[in-house]
Amino acid sequence: MSTEVLTEDMKTQGPSRHPGWSEFVFSMKRLFKNPLTIIGLAIILFFVFLAIFAPILAPPPRAHDPFLMPHKGWQIQPSPPSAENPLGTLPSQYDILYGVIWGTRNAFRIGIAVVAANLLVGLILGSIAGYFGGILDEIVMRIADIFYAIPILVMAMALVVAIGRGLSSVVVVLIILNWPTYTRVVRSEILVVRNMDYILAARASGASHLRILFKHVLPNSIFSAIIVASMNVGVTVLIAAALSFLGLGSDSGYADWGAMVATCRNYIVGPAENRLAYWYLVFIPGFTIALFVLGWNLLGDAVRDVFDPRMRRR
Amino acid sequence: MEKLIETQDLYTDFFTFEGVVKALNGVSVIVNEGETYGLVGESGCGKSVTVRSMMRIVQTPGKIVDGKVVIFFRAEDRSRGIDILRRSETYMTSLRGDSISMIFQEASTSLNPVLSIGFQVGESFNFHRRAQMLEETIKDLNKELSNRVFFLTRGWKVLQKAVFRRELAVLQSYESEIDHVDHELYEIENQNDKESLHRKVLLNRRRDRLREKSFLVEFLKRFPFISYYQRRQAKTVRRHVVKLLRSLGVSNPDRVVDCHPHELSGGMQQRIVIAIALACHPVLLIADEPTSNLDVTIQAQIVDLIKQLKQTIISSVLFITHDLGLVAEICDRASVMYAGDISETAEVREIFHNPLHPYTQGLLRSVPKVEQADKLNTIPGTVPALINPPSGCRFHPRCPSKMDVCPQEKPPLIEHSPGHWVACHLYTDGMK
Amino acid sequence: MQAGAPFLLDGACCFQHNNPSHHGCIYVIKSSSFQESNHLSLLNYIIRRLLFMILVLFGVSLLVFSVLMLIPPGMRVAAYVTSEKIPPDQIEAMIKLYGLNDPAPVQYFRWLAKIFRGDLGFSATAEAPVLDGFKRYFPVTLELVLYSTPLIILVGIWLGTVGAIKKDRPADHAIRILAIVGYSLPTFWLGLLLLMFFYGFLGIFPPGTLSVEANEVVFGSGWNRITGLLTIDAIINWRWDIFLDALYHIALPTINLVILDSALIMRLMRSSMLEALGQDYVRTALAKGAPNRVVYQTHVRRNALLPVITISGVLFAGLMAGMVITETIFVRKGIGWWMARAALQLDVPAIMFNVLFLGLIFVGVNLIVDLIYAAIDPRVRLG
């Protein structure tokens, strides 16, 4: 005799808010309790500030292309920080502070452009592959596997060589190379959601594929994609900086952090009396990159900690 | 009947992110020797937390904040129980698996997927019966050495024997030291003056710090090839494991011992879990809904097995379930729990024929009967969230007999008739 | 899977109370045939993976070829000429000769055939045929990878475990911060900083692979170049001074890589351990009376290591690729350094070859890692 005790609940408890909203509020509160989030957000906001107010903080000498760094004089040797150049200069007297400020705009452009484009591509391709399955899924996944087989940096170098150098090529290349990550994430989420009962119910009541996709499947799968995106911004900027460092991005004299770091390779060791003479050159542009990426990584980590359903409530 | 284990006013809280969950609100349970005790209640009422508190394996962020858990394992002195909440962790470790064992609901996840069955069951022997295993191994080695043996193998066996003897010696000296500490702790168990308390703390700390290891043995255990000597003891343990599995009705134990959990069926896995729990013949077996995930035929088998074992190996069983039918079938006494409180405790017949607490009455009423033709009975409302539990008696929002005093005061657990305890204001002043 | 595991029917069990010879149970044992099928399924698995690997490699070659096709024919010609640089006036003739204006599929198969013949073109940056350049540069990279990978994995596992065990305590916070900072640092920046401090300021750990004197010895006569790995060759040649010299030069790049990449392993190990700690079998182990130490070492660690093994493959292959920057900074002449120069000078054959090679490594390492994983995790069924 197997008996179970049943109790029905006929009233909901507590205030009748939309459950999604209270979950969201809970997540936000959780997000902000983590000190690392605050630091990450602070860093990103700082850079946003720099990017937005760039024209005011560092007036461009050439209006048509603000990304060309100003330089007073043609002396090759970099100058240490002074009143005129608060952070010092690069070889050929390009002002580092200017480069840092305008480089922020560059970094944001690259990061957001690549990630946004990839998110879109990933959502579309991932949905198609995950939802319709079958041979479409196989094809997309095999191609993704092939892209995965080659490390991104190396492939990026090859593509940049093929397409031609420059910042826009870097962006295009990174978009091309990053799509498998997003596609896979979206696809796996959709595979899970697709078999759930409420999808079956929707189909049984006659909803079309597109409607199901947009209304039911995507909203549940989009979270993981956002988590991956937020964590990916940092990596993307790092790779772009690496490409610039190798000389495959923009030309010299352009406000690009990676290129700025590249210029210091001849100045690692200073003259014998002061071997750390060019510390500002080695340290500052790279530090900016590190800080920027750190901010995004912290934020991405916090977002993941909060929104990843497996790790909540701990 | 003699008391075996008792909890007195146990309070356990969980310090979660959303707030403090007051899971146990002064739970008092008494399990006697030789009886099967049932703990009944809905999901989330605190049954698992109670037994986990009893074994002190409450998961973080939970903590036992007040109360006592007293065990009376020594036959000679029933007046002096040991409050295990005040003892050291090493004491608990020696207790768990040896005197008190626990089996869980989901057998498939309770077993480590990457370790073999033999290893996992053998761990019980290795933790608690190590001296016995070592002695047997040494005896076996002696027997082997008394025959004619090839000289290289002879040397190896002699080496093994020497290491085992060293290990045994260290273990025995450790155990005798522990016995001294435990004995003294037992002597001053009931004394609560400042000096005794201080002494208890010192003794507990000392117990934690004693090491049963000898450097040489530990070193050899990790040395690349010499560590293989341990396989000899593993063989002894394996013999015991096979014997144990066979006695539990596992077919082909020699093969099963080398398997991994995922290769076995659900019923078999549950038997393994039971084997792990029973390896050292515990006095008390706690079963936390062991059959809830099995289909009915397997459920019957496992229940039969437990009944059988109670007659032979175990003394008492604390059976947690939400299935009233099981309670009726196997339990002698039972407690009904609701939202962290014990509502009613009595012999099973009493509970079914004369339920006193409104909650128990509601539970029994909601059991569907064959001749019932109309709507099912339910208890209106839902189980409360325990972050902000209802004041006073936690059942009062749903109680049909609610009185004014109920939200104000928590009803104490009183003995309404001999052996029948109830916590309800309907009975606190001698009414009914 | 263990050979000879019985095929147990659900619920079938036998009670052997008083009569041990009485088996009242029904079960099916596929003993010998089971063993066979176990081995067969392993072979099956390997064959399937190899086929898959070949498929992926073909796909990679297609990808590389499409990239190749984006390059104008004038530059592509270099990929077809093995022996020397092409004088500019002959380019047109060469293009016609090698049919570089033919339709793409034709060119693809022609190119593929060339590769299988071992004819990979002439690398301007290496000033040698591509394969020779590879033989010259690969050992340097391999050496650094071989020294750093075990260190990265060990440091990552160790710190990740500590972080998980002491969760939410100061040590854990420190480790998490270390991990996330290490993850965010640009490869080139840390390397430059390390160089500036150690070499520039302290004067130790210079860049390069060998000091000038050692270089003369290695490239002079009387040196047996067996593996190409400097440290191993030095031992074989019984020149301990060269050995120490090579180690001295490898130290800083290794430290660089360890700081950067162990962060990944650290985070993975920590989260994997935390996940394992939340599992039910830990609860069972505690209920058995296992002391904490045993729980961590025996039960949790094995399960937690599984994801780390999987990622080691990715790590290894990723390191090979990451060499591009590290070698450029520390001026070690390996394939990364070669690749960087080739990219700048548009040395097409070198780039294409390196991409293909790295693809091969990646796929191969993944296969090996999968096999290791299948061998270790008993749950993996290869059938």
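Q: Which residues does M339(C) touch, not counting residues up to four places away in sequence?
A: In this predicted model, M339(C) touches V154(A) and M157(A), along with V324(C), A350(C), I351(C) and N354(C); two residues are in contact if their C-beta atoms, placed from the backbone, lie within 7 Å.

Q: How are the residues and chains labelled, and what confidence cut-offs apply?
A: Residues are numbered from 1 along each chain as its sequence is written, while chains are lettered from A and ligands numbered from 1 in the order in which they are written. Local features need pLDDT of at least 70 and side-chain atom pairs count only at pLDDT 80 or more, whereas totals for chains, interfaces and linings use all residues; pLDDT is the predictor's confidence in each residue, from 0 to 100.

Q: Back to the helix, then: which residues of α13(C) are buried?
A: They are I335(C), G336(C), W337(C), W338(C), M339(C), A340(C), A342(C) and A343(C), where buried means 20 or more other C-beta atoms within 10 Å of a residue's own, exposed means 12 or fewer, and partly exposed is in between, with C-beta atoms placed from the backbone. Because 8 of the 10 residues of α13(C) are buried, the helix is largely enclosed by the rest of the structure. Helices (H or I, at least four residues) and strands (E, at least two) are DSSP runs, numbered from the N terminus.

Q: And what do those buried residues pack against?
A: They pack against α6 (152-163) of chain A, and also against β1 (122-123), α5 (130-165), α12 and α14 of chain C. After α13(C) comes L346(C), whose phi is positive, near 55°.

Q: How many residues are in contact between chains C and A?
A: 41 residues of chain C are in contact with 41 residues of chain A. On the chain C side, the largest share, 10 residues, comes from α7(C), and that side divides into 33 nonpolar, 8 polar and no charged residues. Here Ala, Val, Leu, Ile, Met, Phe, Trp, Tyr, Cys and Pro count as nonpolar, Asp, Glu, Lys and Arg as charged, and the others, Gly among them, as polar.

Q: What confidence does the predictor give the complex, and chain C?
A: The complex has an ipTM of 0.85 and a pTM of 0.80. For chain C the mean pLDDT is 76, and 80% of its residues reach 70 or more, but over residues 1-37 of chain C the pLDDT is below 50. Where pLDDT is low, the predicted coordinates should not be read in detail.

Q: Switching to chain B, how many residues of β8 (316-321) are buried?
A: 6 of the 6 residues of β8(B) are buried, with S316(B), L318(B) and I320(B) on one side and V317(B), F319(B) and T321(B) on the other.

Q: Which strands run parallel to β8(B)?
A: Strand β3 (36-40) of chain B is joined to β8(B) by 5 bridges in parallel, with L39(B) as the bridge partner of I320(B). β7(B) also runs parallel to β8(B) over 5 bridges, and there I286(B) stands opposite L318(B); two strands pair if DSSP finds at least two bridges between them.

Q: Last one: is A339(B) buried or exposed?
A: A339(B) is buried, with 25 other C-beta atoms within 10 Å. A339(B) lies in the loop between β9 (333-338) and β10 (341-347) of chain B and has a positive phi of about 50° although it is not a glycine.
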